[in-house]
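I recorded what I looked up, in the order in which I looked it up.

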Amino acid sequence: MREQRRRVGVYGVCRGRDGRVLLVRGSASADHPGVWQLPGGGLEHGEHPEAGVVREFAEETGLDVRVTGLLAAVSDVTGLPGVALHTDRIVFAVEATGGTLRDEPDGTTDLARWSTLDEAAGLPLLPFTAEALGLPVTPLRRPDPGASPDTPYPPVPADRRQRFAAYGLVTDPGGRVLLTLIADGYPGAGLWHLPGGGTDHGEQPAAGLLRELVEEAGHLGRVVELLTVHHRYDPGALGPEGRPMDWHGVRVVYRVVVDDPTEARVTELAGGSTAAAAWFPPDALGDLPLTEVAALVTGHGVA
């Protein structure tokens, strides 16, 4: 049985003035050698996702880029020797601002090339890349068990965590905002937060958010759009067991509509991190103690 592992990856769609898109090819040391994908890779611990995609472009292509938008958040699971690797992938729109295109000298990619969409359609592409470019998605064959080491992703130290989560700016047709109250004993206890939380292994971000919305507030929602990505790095956070933990939270935030709102109620099992849920008119939010991300996306400053 494979061990379940997770990582967060950041990637960029970079288009040239002629409309071509920049792609990189997996090297012999990649999970999928010879397969093409958007430039990008694993997010470092404590790193902001936008900073991560800028770093990855410089490493893999030699180009300086700036982030111009947020395109998608998707996840997939790759079966590697001894490991079921779940990757949460955040895809940005980026534009080149300088540098000279080159291949990565020694890493998980070995070629960087501009391609038209027709040319890209003829290449073996990682599924998330094909989806991001609006091309047909073709499943890849499983990696050769002998092509990579038995433990390509070493265990994470017990006192370090990188957690991927999906949250929602949830409103009803009347414009009210749904918030959840963090329970005692959890970081941020007593603050009002956006509905949502950590996604499960193998779960898509939007699906995880809708599951959390049912558990935390008893409501069915409809995802409208991806709003923003947020991160919080706290190297001295206290974990649930009361001991320090080097904590890095990466959060994507969606706009969600509840078409048929009722009274909000917590349905998750006792002992969960949510103490209460409630609807608030927009003009009442400024009087509430809000978490940082809730204050950010509702436009009410930082708690």
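I first noted the terms: two strands pair if DSSP finds at least two bridges between them. Strands (E, at least two residues) are DSSP runs, numbered from the N terminus. The model is predicted, with local features needing pLDDT of at least 70, side-chain atom pairs counting only at pLDDT 80 or more, and totals for chains, interfaces and linings using all residues. Residues are numbered from 1 along each chain as its sequence is written, and side-chain values use heavy atoms, without hydrogens and water.

Entry 1, the sheet. I found an open sheet of four strands in the order E4-E1-E6-E5, with mixed pairing. Strand E4 (40-42) and strand E5 (63-80) stand at the edges with a single partner strand each, so one side of each has no neighbour in the sheet. The twist averages 20° from one strand to the next; axes are lines fitted to C-alpha atoms, and angles run from 0 to 180 degrees between N-to-C directions.

Entry 2, E1 and E6. I saw that E1 (residues 3-14) and E6 (residues 83-99) run parallel and are joined by 12 bridges. Arg6 stands opposite His86 in E6, and Val10 stands opposite Ile90 in E6.

I recorded antiparallel pairing of E5 and E6 over 16 bridges. Ala73 has Ile90 in E6 as its bridge partner. Two residues lie between the strands of this hairpin, where Gly82 takes a positive phi near 80°.

I asked why E6 is largely enclosed by the rest of the structure.

Conventions:
Buried means under 20% relative accessible area, exposed over 50%, partly exposed in between (1.4 Å probe, protein chains only).
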